[in-house]
Amino acid sequence: MSPRRLIAMSRKEFIQIVRDPRSLLIALLMPVMQMVLLGYGVSLDAKNIPVYVYDQEGSQDSQALLKRFQASPYFDVRKTVNSYRDLRYAIDSDRCKLAIVIPFDFSRKLRDTGFAPVQVIVDGTDDNTANLSKGYARAVIARFSADVQHNWLQRQGMPIAASNGNISVDTRIWFNEDLESRNFIIPGIVALVMALVGALLTSLTIAREWERGTMEQLLSTPITPSEVMLGKLIPYFMVGMADAALCLMMSVWWFGVPFRGTLASFFTTTALFLIVILGIGFMISVAIRNQLGASMIALLVTLMPTSLLSGYAFPIDQMPAAVRAITYLVYSRYYVTILKAIYLKGVGVKALGAEMTALAVYAAVIGLLATRAFRKTLD
Amino acid sequence: MPNDGNISVRVDGLVKRFGSFTAVDRVSFSAYRGEILGFLGPNGAGKSTVIRILCGLLRPSEGSVIVAGVDVGKDPEGVRHHIGYMSQKFSLYNDLEVSENLRFFAGLYGVDRGIAGDRIREAISLAGLQGHEHDLTGTLAGGWKQRLALGCALLHRPEILFLDEPTSGVDPMSRRQFWDLIHGMSGRGVTVFVSTHYMDEAEYCDRLVLMNRGRVVAMGTPPELRHLVKKGALLLAKCEPLGTALQILQGSPGVAEAAVFGNSLHVRVEQAEDALVTLPAMLESRGVKCVSLKPIEASLEDVFVQLAGEQSAVRGGPDR
């Protein structure tokens, strides 16, 4: 390994990145765009769910219940209609996700039997939102029902304490206290950015030399295959680390995601992940000697598993067992797990020993394979 | 002939196969220090393949190749420090400045930092690119690009220089300048391999290897090769119409070969004196006007036409 040749190679590659508008766009604009698009676009929270109401009774009691819905941040009561047909139309045309029907005998039943049904219709097209709105609606109604009960007991002159059998759950949420899905997703986006930028840029690097005919000259010089690989990847490694820093700054200062871990652990794991990504991109570029094909395949083998199987947005615990087994092979899984832990839990490298080891093993194996991928002959 | 100690390249029984296709077929030759060795032949003759094998870019299928004392088949990397190579296609970086290209290759060849600056300046003046050091290489004209590529290939002062069709697509003026540079190299003891399909350029070489379809057809100095045609004599015929004249001549007794050269015919005959009398009469009798017919000195192109013709005759027909 000659430092002179290594530096010459890195320097040349760096000049080429800086001078190529396409590479610059990928290196600088892509991370920002991805952070913004995914940071704002992917939200698993349901807030301001649009609600239509069909209040058949229009009594004081029914209005009291509806007020609860109006007061909830989860619901946005948009309109009151006067028929099921209108409700059906509103759901069909996506004007509301949830409809509440209060029967004409609501208050009478409540008074006479102490039991009154209320109908809630949920648009189940998007199961996630449907589940959430169902849950929120139940909660709102349960609270109302508890208050009605409470008032009744008071009016009967019974002491509140007499209503026994009440177990109160005192929930404390750790790490993502506000249950913001953004806090859960954004750390994972860093992995997506690394996979996208790293794989895209490196997949072009060797293919470009073949396409432009500069490879033959390169091969006729004394440079060794590992010098070609390292010399070419060092600039991309630096670009990747800079992008990681950019993502970190945006996530903390722009999106307000808490960062509780140490910078050292963040950059150490990012470096390992980058080695894997760059090594894969390089090997693809060596194997497929044209830029378009190489970049397509690079995206397929890095971005796809990272976005679907890393658990960045789609929790691995909820995947079917077979798919869950596959995720153990996806290197991004370990990185995403570590990132989320560093951001939200602030745990150190020690607590993440297994994941760190898996990532390090991946980096070592891919790195080794990459040094062997490039051969200095034309045939 | 110089003695063995001065041999810088020795190729013996070299065969290169790509699948079932034999691109280079039992080629043997030697090159001596400071010699300009020309590879001559049509496209697909195997010139580039031989040069790439000598540079260690392709592995020989059979035979031994010793370049600068290194067995290239066994140690393709070992030869790299001793050689400079200019591939057929321009292969410097168009998006790098002239000086950046030079600095890059100086680095790759491991030229000592202390002397790299001087070498780069020399290369720039050799290419005549003073004042253009910071131009993007892609913006240079063809001749300048070629000379810059040569400058890059010489940065580490190689003993042997391989130039694969260095002047293709370059204007005649620049070709001339380029050959002056090549002669300068050989004067300094650098062995130069040049492949070309320009016959006129072949005359600038010390020795020539004529290749056709992967085989060496003939080898020697330009005068030696021309002498090969001296079996018989060569006549230049200007006739009207040319095509008919060619057909008639190719079948005539006493005519070994006839070929079109520009707007006239080169006719190889067994006996010049007889032919000068009989051919015009015969052509006139078949309705072809013979404007002039005179003996000429054989060019290398004639040599090539003759030798390639003999080779295909041996192989059974001009085209497989």
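Visitor: Before we start, what should I know about the numbering and the model?
Guide: Residues are numbered from 1 along each chain as its sequence is written, chains are lettered from A and ligands numbered from 1 in the order in which they are written. The model is predicted, so local features need pLDDT of at least 70, side-chain atom pairs count only at pLDDT 80 or more, and totals for chains, interfaces and linings use all residues, while side-chain values use heavy atoms, with hydrogens and water left out.

Visitor: Okay, chain B. How many helices and strands are there?
Guide: Chain B has 10 helices and 14 strands. Helices (H or I, at least four residues) and strands (E, at least two) are DSSP runs, numbered from the N terminus.

Visitor: And what does the C-alpha trace of chain B span?
Guide: About 75 × 45 × 40 Å along its principal axes.

Visitor: How much of chain B is buried?
Guide: 53% of its 320 residues. Buried means under 20% relative accessible area, exposed means over 50%, and partly exposed is in between (1.4 Å probe, protein chains only).

Visitor: What about contacts in chain B between residues at least 6 apart in sequence?
Guide: Of those, 69% join residues at least 24 apart. Contact here means heavy atoms within 4.5 Å.

Visitor: Which domains does chain B get?
Guide: Domain 1 is 4–221 and domain 2 is 231–297; such bounds come from an automatic or database domain assignment. The centres of these two domains of chain B, taken over C-alpha atoms, are 40 Å apart.

Visitor: And chain A?
Guide: There, domain 1 comes in two stretches, 3–43 + 180–373, and domain 2 is 49–162. For chain A the domain centres are separated by 49 Å, again over C-alpha atoms.

Visitor: Let's go inside. Which residues have the most contacts in the largest nonpolar core?
Guide: B:Phe29, B:Leu54, B:Val67, B:Phe162 and B:Phe193, in a core of 156 residues. Helix H7 (residues 181–212) of chain A gives the most to this core, 16 residues. A nonpolar core is a set of buried Ala, Val, Leu, Ile, Met, Phe, Trp, Tyr and Cys residues joined through side-chain atoms within 4.5 Å.

Visitor: What is B:Phe162 in contact with?
Guide: Leaving aside neighbours within four places in sequence, the contacts of B:Phe162 include B:Ile51, B:Leu54, B:Val67 and B:Phe193. There's also a second, separate core of 17 residues, and B:Leu235, B:Ala245, B:Ala258 and B:Leu283 are among them.

Visitor: What volume does the largest cavity have?
Guide: About 80 Å³. Its lining has 11 residues, and those nearest the centre are B:Leu234, B:Glu257, B:His266, B:Asp302 and B:Val305. The largest share of that lining, 4 residues, comes from S12(B).

Visitor: And the second largest cavity?
Guide: That one holds about 40 Å³ of space. Its lining includes A:Gln217 along with B:Met86 and B:Gln146.

Visitor: How about the second largest pocket?
Guide: About 830 Å³ of space lies there. It is lined by 28 residues, and the closest to its centre are A:Leu110, A:Gly114, A:Phe144, A:Ser145 and A:Val148. H6(A) gives the largest share of the lining, 12 residues.

Visitor: Last one: is A:Gly348 buried, exposed or partly exposed?
Guide: Partly exposed, because its relative accessibility is 37%. A:Gly348 is in the loop between helix H13 (331–345) and helix H14 (353–373) of chain A.

Terms used:
On a 1 Å grid over the protein atoms alone, a cavity is a set of points where a 1.4 Å probe fits but cannot get out, and a pocket is an open set with protein on both sides within 12 Å along at least five of seven lines; lining residues have an atom within 4 Å of a point. Grid points are joined across faces, edges and corners, and a volume is the space filled by probe spheres set on the points.
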